Amino acid sequence: MPQAAGKRGSAAAAPTQVDAQPEAGDTPRPTPPQSPFSPRQLALLNAMGIDHADALEAFRAARRNGSDVASELIVAGRVTERRYGECYARELRLLFEPIRDDAALRGAAAFLGRPPPRTLEIYPHRVDGKFFVCPAIESIDRFARYLDRRPDMRAYLRVTAHSQIARAIERETMAQRYAAARLSLSADLPRLSARLAIEPLQAALGLGTAVAVCLFLYYLPGFALATGHGGATLFFAACLAIRLPAALAADRPPPVADLPAPGVLETGWQGVPVYSVLVALHDETTIVPQLVAALERLDWPKTRLDIKIVCEADDGNTIAAVRQATTGLAHVSTVLVPPGEPRTKPKALNHALPLAYGEFLVLYDAEDVPDPGQLREAYLRFRTGRPDLACLQAPLVVTNGETHWLSGLFALEYAALFCRMLPWLASQGFPLSLGGTSNHFVRERLVEIGGWDSHNVTEDADLGIRLHRAGYRAETITRPTYEQAPVRWKVWRNQRTRWMKGWFVTYLLHMRQPLLLFRQLGPRAMVAFQLVFFGMVVSAFAHPLFLLLVVIQLVPVAVGLSELDELSPFVIVDVFNVVAAYGLFIALSARGLEPGTARGLRRWYVLLPAYWALLAWASLRALWQLLTAPHKWEKTPHGLESRMNAGEPRHQIWPTLTG
């Protein structure tokens with residue numbers, strides 16, 4: 001298991017010997033009695049307006065979390081970064097200075113994947129350089145002694161805010177990170193990248209198969225129909241069979257109530273590991289306040305959170321909303337992605353990933369409201385789980401299922417998938433199709449396999465397979481993330497088109513080298529991959545066809561136009577497959593629902609045939625886009641836009657004045 005992320009504030013290599021780190025045993029004899037602070041430290045605290053009680057509370061939090069006193073005071077809102085830096089500079093007779101946007105850094109790429117340093121060497125557009133420092137309160141006495149020995153360094157040293165150093169590194173590495181994000185897997189592992197959605201050999205095989213089917217249908221129609229019907233029936237039955245154990249499995253235990261405090265499972269005292277949080281936004285101004293409020297409720301020390309909200313650089317409204325909502329939150333930063341193709345969520349995440357420095361990393365979507373204890377449960381599993389554990393998927397729960405039949409069946413789907421199917425697949429050691437959000441990673445392992453594929457429109461499904469192929473495992477946890485499903489047909493259709501297109505692409509790219517895939521997955525996992533991934537693609541088309549065949553064959557019998565002995569021998573199997581498909585979906589979803597929610601959603605089961613017919617239409621649309629626009633990202637809007645019909649008065653924002 002990777003060790004905890006480096007201590008906050010590792011310094012850059014520089015010719016100076018400035019030690020801006022808090023060091024154990026560095027604080028002089030405490031004065032006044034029972035105070036952990038030296039006279040100089042007390043003077044600095046007084047200059048900032050921090051009383052002794054607040055300082056002691058911050059001191060205890062810093063010891064508990066493995067941070068420093070100033071960081072604890074800043075996240076608690078006792079002092080701003082700027083005021084802290086200005087007071088520190090005055091205490092040591094230095095200058096406080098922000099870092100200019102055109103400043104040139106030495107070796108900025110070396111800081112990627114690490115906590116922002118507390119010392120940074122800057123080369124402005126002249127001969128002399130500067131050393132920008134953001135030292136801790138704990139090191140002020142050592143820093144003062146250094147300045148007494150080297151007074152000549154006062155001309156070069158500048159105190160600045162910690163976030164200024166982080167932003168300088170982000171600016172200096174932007175071009176490098178963006179170039180890598182645009183290529184992502186296609187640079188080093190082109191055959192695992194969706195940049196080329198269909199390889200020439202796959203296109204030739206697909207075309208040859210289509211021609212062969214047409215020839216068989218023309219010259220041997222009876223044989224072709226019987227063979228195709230029989231093969232499809234057997235495969236469809238096998239896809240249902242793999243879901244049966246998940247439906248019959250015992251109910252999962254309730255979420256762990258007594259979760260360990262962050263840091264208590266560390267070997268030796270290392271403080272609390274840093275947890276990075278990535279959220280990609282685009283045209284999400286209305287949802288930003290809800291998102292920030294949900295992230296602030298996460299039960300993890302704020303000084304050990306590294307939250308990055310990723311925005312497109314040309315999305316000015318969302319950027320302004322994020323900056324307004326995160327003012328004063330030192331643990332939250334905004335990462336800007338330069339505009340350019342492919343304009344996908346995974347490209348934005350890959351652009352931000354090198355800046356994340358937590359030992360663990362979680363991905364959320366704009367509308368997500370995660371359970372506050374979710375990070376603590378994931379931390380417990382990572383620390384106590386199997387050594388090859390790399391990812392944990394939290395269940396996604398739809399909260400607006402009772403408002404509309406589309407969102408209701410969406411909620412039932414999520415209950416079946418995230419609360420029954422994925423936990424069972426994980427228990428069997430099979431690869432998981434991850435959800436697009438609430439994935440918790442060991443960050444180093446995510447980086448090791450190349451992050452996300454910037455060209456895959458369902459990067460989550462692909463990532464679950466690549467983790468398994470690399471020898472890692474993905475499992476599930478119980479603390480949910482709450483979402484709202486779309487109820488507008490166009491929004492639902494576009495989302496499902498993108499998902500199904502991504503499933504097509506993911507299956508094709510992993511089947512480019514089937515023998516290698518078989519060796520990496522093993523026989524059991526290979527069979528599961530075919531039944532789950534290929535089965536998902538086939539079932540979207542097969543179910544409406546089977547239902548149509550059943551209706552065509554049974555209706556004439558029901559009205560007396562034909563006899564039972566005239567029915568096709570496959571009709572019994574077709575009826576069984578259709579009934580079993582409905583039955584398994586009902587069993588999986590009903591057992592996966594949270595207690596108390598089933599009653600309001602059961603009424604939507606009668607509309608399941610229509611829902612699956614719409615899914616088949618979205619899948620046909622996805623197949624067309626696979627051939628014409630494989631990288632097109634039809635974004636799902638969040639907030640009211642995805643849940644309303646604008647013409648309905650109950651959704652109008654402006655008040656209606658009457659009388």
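Reader: Where is Ser 438 placed?

Author: Ser 438 sits in the loop between H16 and strand S13 (439–442); helices here are DSSP runs of H or I with at least four residues, strands are E runs of at least two, and both are numbered from the N terminus. This is a predicted model, where local features need pLDDT of at least 70, side-chain atom pairs count only at pLDDT 80 or more, and totals for chains, interfaces and linings use all residues. Residues are numbered from 1 along each chain as its sequence is written, and side-chain values use heavy atoms, leaving out hydrogens and water.

Reader: What makes Ser 438 buried or exposed?

Author: Buried means under 20% relative accessible area, exposed over 50%, and partly exposed in between (1.4 Å probe, protein chains only). Ser 438 comes in at 0%, so it's buried. Its phi is positive too, about 60°, although it is not a glycine.

Reader: And why is Asp 283 called exposed?

Author: Its relative accessible area is 52%, and the cut-off is over 50%, so exposed it is. Asp 283 also has a positive phi, about 55°, without being a glycine. Look for it in the loop between strand S6 (275–281) and helix H12 (288–296).

Reader: What makes a set of residues a nonpolar core?

Author: The members must be buried Ala, Val, Leu, Ile, Met, Phe, Trp, Tyr or Cys, joined through side-chain atoms within 4.5 Å. The largest such core here has 93 residues, and Phe 441, Trp 452 and Leu 467 touch the most other members. Helix H16 (residues 405–427) gives this core its largest share, 14 residues.
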